[in-house]
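Please keep the sequence and the model at hand while reading.

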Amino acid sequence: DTDTLSPQANLAITKTDGISTADAGGTTTYTIVATNTGPSNAPGTTVADTFPANFTGATWTCVGAGGGTCTASGSGSINATVNLPAGGSVTYTVTGSVPIAATGTLVNTATVAAGGGITDTTPGNNSATDTDTINACIVNPVVVNNSNAGTGSLRWAVARACQTAGQNTITFQPGPGTTEGEEKPNAPDITSPLSVSSQIVLTGNVNIQGPGANLLTIQNVAAAGGSSRIFTVNPGVVVSISGVTLSGGNVVGGFGGAILSAGNLSLSAVDIRNNSANLGGGGVRIEPGSVVNIVDSTIRNNSSDLGGGLDSNGTVSMTISNSTFSGNTATFASGGLSNTGTLDLNNSTISGNSAPFGGGIGNFGTANINSSTISNNTGSTIGGLYNVGTTNLKNTIIANSSPGVDCPRVSGSINASY
């Protein structure tokens, strides 16, 4: 007598993120466990999970137990072949983001399926679904505490702010001693400084409005490192920051002590001071293709090897008006600021900065300098303006540079008019 044996296995899967609500603009982590209670082994088992549109940027890891094996890591949706011996399991940990514009529910289903020739004795447990209600983005969120993270923090407000213009303004609850604070004695208060222990990455359009640079300082308190800055602006993002002081950035092996921007950045009435980044842009670093507009601001006492106050890289567009760069230092060039793209500098003062080459400004692109003063800057050879591009001066004073060289034409051209 000859009988054909048919392997049988009881495969099952579970899935949960441990929550019932998910925040738009936040992240969530799923745990997916596929098991085989036997009696037969189940090689060639498929675990699958196609993530929905409102769960993005998914990355995952997988570990086996009881002899179960799987690919250790990956990204995107899961469609994997795993080995599940009797008594074995595999566990996936999946992390992804809920887009800021997401609404409704987040529904996600994972499945497990036996390989060829294996009968699953209980197919009803081969699918698991997790459902969360999505908390919609917040219109014009208010920062109400000094926490580094969590509800009411600046980091929370940045992540949860809606993206529509007019709905993405972040403000700060007044602290004690202000008129508003006295009117709301029981409200949580913001006190200065507001400390952040890791950079805040701006991935969406936001308008951060502080009460005044003399009233609120946002400071980095993280140890020196490659991302020990305050803000990073991602490519394509439109960001406005006003009415705050940014200090304490301490980037080693990187750029942009206070701000590293690859997007469209506007700074108004800000004070960027006492930051450092050893590779470039002690205060601010502008990346290729970016646009920056700085008005009524002060960038002072920052340090780097290039562009002590501000450093640009590649083709950028910068407009700076009614602002002051002072006390910034660079170990190589461009103590005050470095331009590699197009710079329009209007009604501004560049004074008391230092670098071996171009204590005040290093121009490697096109600089249009109007009604400004570049004075009392120090360099080993060139104190005022180090020019290897094209500089157009109008109604501008360059004077009192040390060691007495204000603006020699290293190369390129310098054109002056009144």
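The text below takes up the sheet, one of its strands, the disulfides, a pocket and some backbone details.

**Basis**

This is a predicted model, in which local features need pLDDT of at least 70 and side-chain atom pairs count only at pLDDT 80 or more, while totals for chains, interfaces and linings use all residues. Residues are numbered from 1 along each chain as its sequence is written, and side-chain values use heavy atoms, with hydrogens and water left out.

**The sheet**

Helices (H or I, at least four residues) and strands (E, at least two) are DSSP runs, numbered from the N terminus. Two strands count as paired if DSSP finds at least two bridges between them. An open sheet is built from 11 strands with parallel pairing, in the order 12-13-16-19-23-27-31-35-38-41-43. Strand 12 and strand 43 (413-417) are at the edges with a single partner strand each, so one side of each has no neighbour in the sheet. Strand 43 runs parallel to strand 41 (residues 390-394), and 5 bridges join the two. In one of these pairings, Thr 391 has Ile 414 of strand 43 as its bridge partner.

Strand 31 covers residues 317-321, and Ser 317 belongs to it. Ser 317 is partly exposed, because its relative accessible area is 33%. Contact means heavy atoms within 4.5 Å. Not counting residues up to four places away in sequence, Ser 317 touches Ser 290, Val 291, Val 292 and Thr 342. Val 292 is 25 residues from Ser 317 in sequence, yet their C-alpha atoms are 6.4 Å apart in space.

**Disulfides**

A disulfide is a pair of cysteine sulfur atoms within 2.5 Å. The whole structure holds 2 disulfides, and with bonded cysteines counted along the chain they follow the pattern 1-2, 3-4.

| Pair | S to S distance |
|---|---|
| Cys 62 and Cys 70 | 2.2 Å |
| Cys 137 and Cys 162 | 2.0 Å |

The link of Cys 62 and Cys 70 is left-handed, with -105° about the S-S bond. Cys 62 is buried, because its relative accessible area is 6%.

The disulfide of Cys 137 and Cys 162 has a torsion of about 95° about the S-S bond, so this disulfide is right-handed. The pair links distant parts of the chain, 25 residues apart: Cys 137 is in the loop between strand 11 (127-135) and strand 12 (142-143), and Cys 162 is in the loop between helix 1 and strand 13 (169-172). With a relative accessible area of 24%, Cys 137 is partly exposed, whereas Cys 162 is buried at 3%.

Arg 160 is found in helix 1. Arg 160 counts as buried because its relative accessibility is 7%. Leaving aside neighbours within four places in sequence, the contacts of Arg 160 include Asp 23, Asn 135 and Cys 137.

**The largest pocket**

A pocket is defined on a 1 Å grid over the protein atoms alone, as an open set of points where a 1.4 Å probe fits, with protein on both sides within 12 Å along at least five of seven lines; lining residues have an atom within 4 Å of a point. Grid points are joined across faces, edges and corners, and a volume is the space filled by probe spheres set on the points. The largest pocket holds about 360 Å³ of space. Its lining has 16 residues, and those closest to the centre are Gly 25, Val 158, Ala 159, Val 201 and Thr 203. Helix 1 (154-160) and strand 15 (200-202) each supply at least two lining residues, and helix 1 gives the largest share, 3 residues. The lining of the largest pocket divides into 8 nonpolar, 7 polar and 1 charged. Here Ala, Val, Leu, Ile, Met, Phe, Trp, Tyr, Cys and Pro count as nonpolar, Asp, Glu, Lys and Arg as charged, and the others, Gly among them, as polar.

**Backbone details**

Most residues other than glycine have a negative phi, and most peptide bonds are trans. The peptide bond from Gly 38 to Pro 39 is cis, with omega near 10°, and Pro 39 lies in strand 3 (residues 27-39). The bond from Ser 192 to Pro 193 is also cis, with omega near 5°; Pro 193 sits in the loop between helix 2 (179-183) and strand 14 (194-196).

Asn 322 has a positive phi, near 50°, and lies in the loop between strand 31 and strand 32 (324-326).

Terms used:
Buried < 20%, exposed > 50% of the residue type's maximum accessible area, 1.4 Å probe, protein only.
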